[in-house]
Amino acid sequence: MSDLHLILANKAYSSWSMRPWVALKAQGLAFKETVICLDQPDTGAKIKAFSASGKVPALQHGDITIWDSLAILEYLAETFPEKRWWPADKKARAAARAVSAEMHSGFAAMRTAMPMNMRKTYTDFARTEAVDADVARITAIWRYCRENFGSGGAFLFGAFSNADAMYAPVVTRFKTYGVPLDAVSQAYADAVLTHPALREWYISAAGETWVIPKYEFKST
Ligand SMILES: N[C@@H](CCC(=O)N[C@@H](CS)C(=O)NCC(=O)O)C(=O)O
């Protein structure tokens, strides 16, 4: 076991937590994990015992604590440079960082309307125009990356990278809410969903017994 300790929230619901967990698994690094259930009376205190931000994920490594999913991915890339966290080519790496930053700071309509839920699939979810606009931009990003940088494998930049870790929770949301995809985007989504790290996360999420009503979409 390494001295990496990832603190995260419910695997069923926490999209931010999924990113560094999946990246660590995909790169084959061992780590200890602590899962804190969201929306409980003691959730805030439990998280603050690890991270002053009051948010997870957080990564402890020796005497350093890194909070924020994208900052954790960058820290891992700097600390374990022998792994392929970002594409090797400078132009591809710049694009990978740009699409990751766009994910990190954007797509509010999609995130709000479609909370991540690993244990459910819905066939009656009605998308608003704003959600459809987010879906259109996300799938345009996926096609752009696959067409310009993806020739070496099935992922956005060929081999699995931090950019795929950033978009993995979007892929699972599209599955949960039955979002129809073009052929290139669907093939990419299938590659993510069948990656061993994603499969392992799905199994762990299915084993959680916590149910938090505010993250469960209600059919009308
Ligand atoms: N920008 C942060 C966002 C993290 C975030 O919002 N985490 C949520 C869980 S998904 C959280 O910790 N919420 C605390 C709470 O609801 O008490 C990141 O990327 O890590």
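Two residues are in contact if their C-beta atoms, placed from the backbone, lie within 7 Å. Keep that in mind, everyone, as we walk through this structure. It is a predicted model, where local features need pLDDT of at least 70 and side-chain atom pairs count only at pLDDT 80 or more, while totals for chains, interfaces and linings use all residues. Residues are numbered from 1 along each chain as its sequence is written.

Let's start with helix H3. Helices (H or I, at least four residues) and strands (E, at least two) are DSSP runs, numbered from the N terminus. Which residues of H3 are buried? They are Ser 69, Ile 72, Leu 73 and Leu 76. These four cover an arc of only 100° around the axis, which puts them on the same side of H3. That arc is taken from the directions from the helix axis to the C-beta atoms. As background, an α-helix has 3.6 residues a turn, so residues three or four places apart point the same way. And "buried" has a cut-off: 20 or more other C-beta atoms lie within 10 Å of the residue's own, with 12 or fewer for exposed and partly exposed in between, all C-beta atoms being placed from the backbone.

What covers the buried residues of H3? The cover includes H1, strand S3 (58-61), strand S4 (64-67) and helix H7 (162-176).

Next, the ligand. How many residues surround the ligand? There are 14, and the closest are Ser 14, Trp 16, Lys 55, Asp 68 and Ser 69. To be near, a residue needs its C-beta atom, placed from the backbone, within 6 Å of the molecule or strand in question. Helix H1 (15-26), helix H2 (43-48) and helix H3 (69-79) each give at least two residues to this shell. The largest share, three residues, comes from H2. By class, the shell has seven nonpolar, five polar and two charged residues. Here Ala, Val, Leu, Ile, Met, Phe, Trp, Tyr, Cys and Pro count as nonpolar, Asp, Glu, Lys and Arg as charged, and the others, Gly among them, as polar.

Now a pair of helices. Helix H6 (residues 129-149) packs against helix H8 (residues 183-193) at an angle of about 80°, and their axes are 9 Å apart. That makes H6 roughly perpendicular to H8. For the labels, angles under 35 degrees count as roughly parallel, over 145 as roughly antiparallel, 65 to 115 as roughly perpendicular and the rest as oblique. The axes are lines fitted to C-alpha atoms, for helices over the stretch in contact, and angles run from 0 to 180 degrees between N-to-C directions. Who meets whom? From H6 come Thr 139, Trp 142, Arg 143 and Arg 146, and from H8 come Val 184, Ser 185 and Tyr 188. Sorted by class, this contact has three nonpolar, two polar and two charged residues.

Most residues other than glycine have a negative phi, and most peptide bonds are trans. Now look at Asp 39, in the loop between strand S2 (32-36) and H2. Asp 39 is not a glycine, yet has a positive phi of about 65°. Asp 39 is also partly exposed, with 13 other C-beta atoms within 10 Å. Phe 107 sits in the loop between H4 and helix H5 (108-113), and its phi is positive too, near 60°. Is Phe 107 buried or exposed? Phe 107 counts as buried, because it has 20 C-beta neighbours inside 10 Å. A cis peptide bond joins Val 56 to Pro 57, with omega about 15°.

Arg 84 is in the loop between H3 and helix H4 (90-105), and Ala 159 is in the loop between H6 and H7. Leaving aside neighbours within four places in sequence, Arg 84 is in contact with Ala 159 and Ser 161. Arg 84 is partly exposed, with 17 other C-beta atoms within 10 Å. Ala 159 counts as partly exposed, with 15 C-beta neighbours inside 10 Å.
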